[in-house]
Amino acid sequence: MTAAAPPLLTVEHLTMRFGGLVAINDLSFTARQRQITAIIGPNGAGKTTVFNCLTGFYKPSVGRLTLTPPNNGGCFLLERMEGFRIAKDAGVARTFQNIRLFAGMSVLENLVVAQHNRLMRASAYSVAGLLGLNRYTRAERQAVELARYWLDRIELTGQADWAAGNLPYGSQRRLEIARAMCTEPCLLCLDEPAAGLNPRESAQLNELLLDIRGQHGIGLLLIEHDMSVVMQISDHVVVLDHGAPIAEGTPDMVSNDPAVIRAYLGAAEGEALPPDVAGGLPTAPPC
Amino acid sequence: MLKDALAAAVVAALLALPLLGFRLADSQQGLSLDYRFAWVGYAAAAVFIGRLGMAFAAAAFSRVFQRKRQTLLPLAGRPSRNRKIVGWLLVAAALLLPLAPFADRNLIDKATLLLIYVMLGWGLNIVVGLAGLLDLGYVAFYAVGAYSYALLSQTFGLSFWLCLPFAGALAACFGILLGFPVLRLRGDYLAIVTLGFGEIVRVVLLNWESLTNGPNGISGIQRPSFFGLPFLAAAPGRTTFHEFFGLPFSPGQRIIFLYYVILVLALATNLFTLRIRRLPIGRAWEALREDETACRSLGINPTRTKLSAFALGAMFAGFAGSFFATRQGFISPESFTFIESAIILAIVVLGGMGSQIGIVLAAILLVGLPEWFRDLQQYRMLAFGGAMVLIMLWRPRGLLASREPTIRLAADALEAAPQTAGEAAR
Ligand SMILES: Nc1ncnc2c1ncn2[C@@H]1O[C@H](COP(=O)(O)OP(=O)(O)OP(=O)(O)O)[C@@H](O)[C@H]1O
Ligand SMILES: [Mg+2]
């Protein structure tokens with residue numbers, strides 16, 4: 001274990017209330033650089049809400065979210081930043097539980113749009129682009145190169161000019177990950193990337209995520225119900241139940257934690273657990 | 001099917017009751033109420049039969065209709081040469097039109113009007129077609145452009161070409177001004193607020209008498225000159241156009257000149273849109289139309305992106321407005337009513353959101369044909385409405401709905417062929 005890896009994201013006392021409903025209650029954890037941190041929990045536990053706080057879609061009621069990007073001395077306080085700035089300046093990219101691609105645009109366009117800010121600068125806020133200056137043409141070619149790299153990685157090069165909405169479901173999931181990666185983030189947040197994938201696709205996904213962690217050296221935050229994914233690739237697991245953290249640790253530690261098993265199976269307090277369940281978490285159906 | 005037709009007939013009867021059922025008759029004893037319940041019956045029967053016929057037709061042509069009912073904007077499979085060719089042919093036809101033997105003054109004048117609407121359609125297309133912001137008050141920017149030119153030229157005596165950029169910039173400022181309050185709104189709400197904005201501008205023009213001369217409008221607006229040469233029979237102390245070129249004077253010269261001015265302005269709008277569509281800002285507009293949340297998660301500033309769409313769309317309306325003012329020589333708030341916004345929006349929607357050639361076709365259909373078919377008299381608008389309904393049944397996504405991707409991997413492999421040639425097409 002590389003527990004000594006420097007922290008990338010530090011969440012302290014995060015609380016999110018919607019009126020009377022406490023969706024997240026005093027959550028603290030650390031996601032480290034070059035690690036995959038999984039957030040798991042039953043339906044409605046507040047996992048997506050954590051992502052929404054992190055990426056500026058919600059303003060947390062209480063708490064501090066500190067991002068310390070590598071090779072950059074400073075740090076960002078995410079809870080104070082506007083949504084788009086978190087992606088643009090802090091380098092946090094995300095995918096969505098219900099896929100949000102630009103369905104009418106082509107696959108390649110989806111990946112080029114993700115490089116908006118770099119291209120915008122290169123086109124001098126459209127002036128150089130309108131004049132057709134070299135500087136913009138070069139930047140656009142680079143953008144296509146990056147897109148092509150990711151297309152190869154997710155095996156969609158042949159469908160580059162298709163409308164993104166016409167792709168099969170599994171490909172759409174992968175495209176959304178590639179699109180997030182095209183923003184060149186330092187933290188990638190994936191909300192149930194394996195939902196709706198068949199076992200073969202899900203194995204491919206594992207490989208892709210491990211590659212992203214290994215080759216691109218970024219941190220990953222992963223929400224997932226599919227335990228085969230979580231247990232195989234995550235370095236660190238945080239378990240939420242009804243908005244409160246109930247366990248944290250390596251996949252092995254967490255899967256044997258009685259509190260976690262209780263949360264998943266709803267067993268009553270003190271009830272003896274059946275031995276086959278106590279050995280590890282079952283694979284929860286994706287929702 | 002029967003039930004559906006019956007329901008439609010009942011609704012028709014209910015609607016017709018107050019509209020057709022009663023009639024005030026003028027008689028010796030004063031006003032009296034006539035009852036015409038038979039008419040209500042006819043209306044209901046007509047709707048019943050029509051609805052039944054439509055259901056049968058839909059069943060018979062179900063294949064035709066179903067094929068069109070796609071949820072996605074279809075993406076053109078391969079670069080469409082046809083559209084480029086059609087585009088260039090249209091440009092050539094437009095350039096040569098004044099030379100054609102059948103081109104009389106009337107025709108050129110109508111074509112000029114048509115081109116104004118084409119230009120407005122192309123301008124609004126930036127806002128509605130690309131950025132997906134439903135704007136029902138577009139005519140406000142047209143009005144701002146027209147009044148800016150009229151007032152600038154009357155107060156400071158500036159020429160048309162000097163005023164044009166001012167008018168465009170002023171309209172763009174109004175675009176941003178409108179953009180700010182509506183940033184958070186979408187769809188129907190946005191449409192309502194923009195509609196209100198359009199009306200506000202018109203009402204201000206109507207009531208700010210000291211500046212705009214209120215409902216009487218501004219007359220005697222300076223006509224454009226050909227690089228300083230006026231189109232007049234004689235101008236004391238100045239050389240006129242016909243004297244300079246040694247031509248006989250003819251009022252048609254100015255008409256043709258105006259036609260070419262608006263052609264150039266419209267083509268410039270088109271070229272600008274085609275280019276900016278391939279730039280990051282253009283792609284961001286389309287992405288914003290598809291999914292604003294995803295845009296934000298990719299670090300695209302939605303505020304700035306929306307405002308730029310509003311501003312640029314408004315700018316072209318401002319240009320078109322100045323041209324309108326110089327062509328008419330007279331403007332009043334009458335020219336900038338809601339119906340204008342509605343027509344421009346109809347052109348964009350009917351053309352197939354985002355398609356440049358589609359907008360030209362739609363403008364010909366919506367503005368050109370009613371002008372030329374004035375002989376139909378009171379049935380003109382009926383035919384117009386009927387045509388709209390038919391087109392929307394036949395092509396619910398507009399005339400040319402398939403969208404050309406702004407960038408292709410396949411073409412890119414051939415070392416990014418220069419795109420300037422043929423860019424005016426599509
Ligand atoms: N915008 C909101 N307004 C009110 N309540 C909300 C809002 N967003 C989330 N919630 C509530 O917060 C709780 C946690 O929701 P969240 O979507 O984070 O769950 P989740 O862990 O992602 O569940 P799932 O596994 O089903 O995706 C739920 O009870 C939900 O109803
Ligand atoms: Mg969720």
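In chain A, buried residues (those under 20% relative accessible area, with exposed meaning over 50% and partly exposed in between, for a 1.4 Å probe and protein chains only) make up 56% of the 287 residues. The model is a predicted one, in which local features need pLDDT of at least 70, side-chain atom pairs count only at pLDDT 80 or more, and totals for chains, interfaces and linings use all residues. Residues are numbered from 1 along each chain as its sequence is written, chains are lettered from A and ligands numbered from 1 in the order in which they are written, and side-chain values use heavy atoms, with hydrogens and water left out.

Chain A holds twelve helices and ten strands; these are DSSP runs numbered from the N terminus, with helices being H or I of at least four residues and strands being E of at least two. Of the contacts in chain A with a separation of 6 or more, 67% are between residues 24 or more positions apart, where contact means heavy atoms within 4.5 Å.

The domain assignment of chain A, with bounds from an automatic or database assignment, gives domain 1 (1–38 + 49–91 + 185–200 + 213–252) and domain 2 (104–184). The centres of these two domains of chain A, taken over C-alpha atoms, are separated by 26 Å. Contacts between them involve 14 residues of domain 1 of chain A and twelve residues of domain 2 of chain A.

In chain A, four strands form an open sheet in the order β2-β1-β4-β5, with antiparallel pairing; two strands pair if DSSP finds at least two bridges between them. Strands β2 (21–32) and β5 (76–77) of chain A are the edge strands, each pairing on one side only. Helix α1 (residues 47–54) of chain A packs on this sheet and touches β1, β2 and β4 (62–67) of chain A. The direction of α1 of chain A makes about 110° with that of β1(A); axes are lines fitted to C-alpha atoms, for helices over the stretch in contact, and angles run from 0 to 180 degrees between N-to-C directions. Strand β1 (residues 7–18) of chain A is joined to β2(A) by eight antiparallel bridges, and A:Leu9 stands opposite A:Ala31 in β2(A).

Strand β8 (residues 219–223) of chain A has five of its five residues buried, so it is largely enclosed by the rest of the structure. In a regular strand, side chains alternate between the two faces of the sheet. In β8(A), A:Gly219, A:Leu221 and A:Ile223 point one way, and A:Leu220 and A:Leu222 point the other way. Strand β3 (residues 36–40) of chain A pairs with β8(A) in the parallel sense over four bridges, with A:Leu221 as the bridge partner of A:Thr37. Strand β7 (residues 187–191) of chain A also runs parallel to β8(A), joined by five bridges, and A:Cys189 stands opposite A:Leu221.

The buried residues of helix α11 (residues 258–265) of chain A are A:Val260, A:Ile261, A:Ala263 and A:Tyr264. Seen down the axis of α11(A), these residues fall within an arc of 160°, so they line one face of the helix; the arc is that of the directions from the helix axis to the C-beta atoms.

Chain B is divided into domain 1 (2–69) and domain 2 (90–394), and the C-alpha centres of these domains of chain B lie 38 Å apart. B:Ser402 is in the loop between α17 (380–394) and α18 (409–413) of chain B and is partly exposed, with a relative accessible area of 23%.
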